[in-house]
Amino acid sequence: MNSNELKPKAVFEQFARINAIPRPSKREEKMIAYLKQWGESHGLETIVDETGNVLIRKGATPGYENRKTVILQSHMDMVCDKLVDVEFDFDHDAIQTYVDGEWLRAKGTTLGADDGIGCAMELAVLEATDIEHGPLECVFTRDEETGLTGAEGMKSGFMTGEYLINLDSEDEGEMFVSCAGGRTTTAKFTISREQPTDGLFFMRAQLKGLTGGHSGDDINKKRANAIKILARFLFQTMNRYEGVRLAQFHSGKLHNAIPRDGMFVIAVPNDKKENVKADWNIFAAQVEDEFHVTDPNMEWTMESADAEPVIDTTSARNFVWALQAVDNGIYAICQDPDLGGLVETSSNIASVHTGENEITALASQRSNVMSNLDNMCATIAATFQLAGAEVKHSDGYPAWKMRAESHLRDTVVECYKELFGKDPIVRGIHAGLECGLFSERYPQLDMISFGPTLRGVHSPDECLHIPTVQMVWDHLLLVLKRI
């Protein structure tokens with residue numbers, strides 16, 4: 001398959017145009033301007049609210065004027081991540097895609113299919129003249145990836161439809177009717193630095209090549225977290241040898257991604273440097289064996305480094321001990337049988353960075369049960385507070401609860417069975433969706449979320465399964481005709 005054979009053609013053409021537009025989270029101005037110009041140039045009512053969300057309305061096709069209005073919704077921003085050795089400017093460069101068998105990938109960066117492919121489907125529906133549907137509102141929200149602030153800033157009455165189809169899911173054949181709420185916890189350690197004493201040897205250690213992934217949707221896959229792995233070695237080393245000093249620790253970029261790589265700089269007594277190198281090699285082999293299924297491509301390096309100021313002993317110890325102790329991964333599984341063993345509550349330590357006078361650690365908590373989200377946040381906060389850090393929580397976003405009765409869900413399921421001869425999976429998702437915020441502002445809105453298959457989202461491994469785009473497109477058009 002090559003790029004000229006991508007189907008549906010209308011969707012992939014729109015996706016290619018979208019991927020030429022820089023749209024990092026919180027910096028979506030170029031995409032907002034593009035959507036506004038696009039809607040107006042097609043003679044469609046186009047509204048941009050004060051937050052930067054864009055709504056484009058299209059009237060019903062003949063014979064469908066009496067249908068209820070359906071909202072199609074996706075987010076315009078994308079996670080911007082790249083391989084460490086790739087030169088790329090997400091504020092100016094176009095995403096470079098290529099076809100790899102049945103998958104569409106990007107060259108060393110995130111692909112932007114989360115959620116550019118949803119935006120492309122909306123634009124393709126708006127531009128089409130040969131499909132049947134009732135009144136439509138196509139909504140493009142901004143800044144979903146770093147806090148859902150576009151949906152948070154949307155005022156009641158911006159959308160007027162009665163049904164909403166969110167096109168931000170990543171498993172074809174799975175229809176999502178519930179999502180987790182989420183919050184982030186930031187811990188700041190105030191530190192002092194001092195000049196190293198004589199007799200110390202500086203070492204720079206790096207771990208990369210981990211699988212990473214989405215901290216909600218992939219948290220149940222037991223993948224390695226670079227921060228937790230490196231902290232384990234530091235904890236072990238600082239306990240084993242006296243006089244080990246920490247100078248740097250950097251890992252993770254995004255609150256909603258499992259960190260794939262990281263590094264630290266330590267100083268060890270000269271007579272212990274060979275011991276530490278040997279420990280590093282033994283530790284690497286053990287961890288590779290531990291994660292040989294989920295993370296088969298780990299790369300470990302340890303080399304000499306230049307001397308630099310080190311973190312005071314007490315702060316460094318408290319920080320490393322907190323990273324060793326902080327809860328990470330699955331905390332609870334949903335008890336609701338309708339949600340089929342979904343992860344209920346989790347936490348992911350997402351980033352750590354040392355500065356001149358402070359260390360900042362960021363962790364992301366999720367839960368489908370808001371009281372347990374509060375409990376998980378308190379657990380993370382207590383760990384860092386016991387280590388002497390100042391802790392703050394973000395406002396977060398609410399969970400979306402499954403409706404007992406849903407005409408939209410029933411229609412979506414019936415259409416899927418008609419097209420593909422099998423039942424779709426109807427379930428909740430542990431990731432956050434904007435539907436949670438919409439359910440607060442529009443409590444009567446009947447919602448569902450589905451989309452084509454994506455893998456490796458929020459990482460440079462992100463890829464889109466091409467055949468599922470056609471399947472979702474056919475399904476969407478039949479739902480619009482039937483609802």
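Reader: In this predicted model, what distance does helix 6 (residues 273-290) reach from its first C-alpha to its last?

Author: The model is a predicted one, and helix 6 has 18 residues in it. At 1.5 Å a residue, a span of 26 Å is expected for this helix.

Reader: Within what arc do the buried residues of helix 6 fall, seen down its axis?

Author: The buried residues of this helix are Val-276, Asp-279, Trp-280, Phe-283, Ala-284 and Val-287. Seen down the axis of helix 6, they line one face of the helix, because they fall within an arc of 140°.

Reader: Which exposed residues does helix 6 carry on the face turned away from its buried side?

Author: On the buried side, residues of helix 6 pack against strand 11 (200-208), helix 5 (226-240), strand 15 (262-269) and strand 16 (299-304). The face turned away from that side carries two exposed residues, Asn-281 and Asp-289.

Reader: Is Asp-171 buried or exposed?

Author: Asp-171 lies in the loop between strand 7 (163-166) and strand 8 (174-179). Because buried means under 20% relative accessible area, the value of 12% for Asp-171 makes this residue buried.

Reader: With the side chain of which residue does the side chain of Asp-171 make a polar contact?

Author: Not counting residues up to four places away in sequence, Asp-171 touches Phe-176, Asp-217, Arg-427, Gly-451, Pro-452, Thr-453 and Arg-455. Among these residues, the side-chain partner in a polar contact of 3.0 Å is Arg-455.

Notes
Residues are numbered from 1 along each chain as its sequence is written. This is a predicted model: local features need pLDDT of at least 70, side-chain atom pairs count only at pLDDT 80 or more; totals for chains, interfaces and linings use all residues. Side-chain values use heavy atoms; hydrogens and water are left out. Helices (H or I, at least four residues) and strands (E, at least two) are DSSP runs, numbered from the N terminus. Buried means under 20% relative accessible area, exposed over 50%, partly exposed in between (1.4 Å probe, protein chains only). Contact means heavy atoms within 4.5 Å. A polar contact is a pair of N or O atoms within 3.5 Å; within protein, one must be able to donate a hydrogen and the other to accept it, and residues adjacent in sequence count only if both atoms are side-chain atoms. The expected span of a helix is 1.5 Å times one less than its number of residues. The arc is that of the directions from the helix axis to the C-beta atoms.
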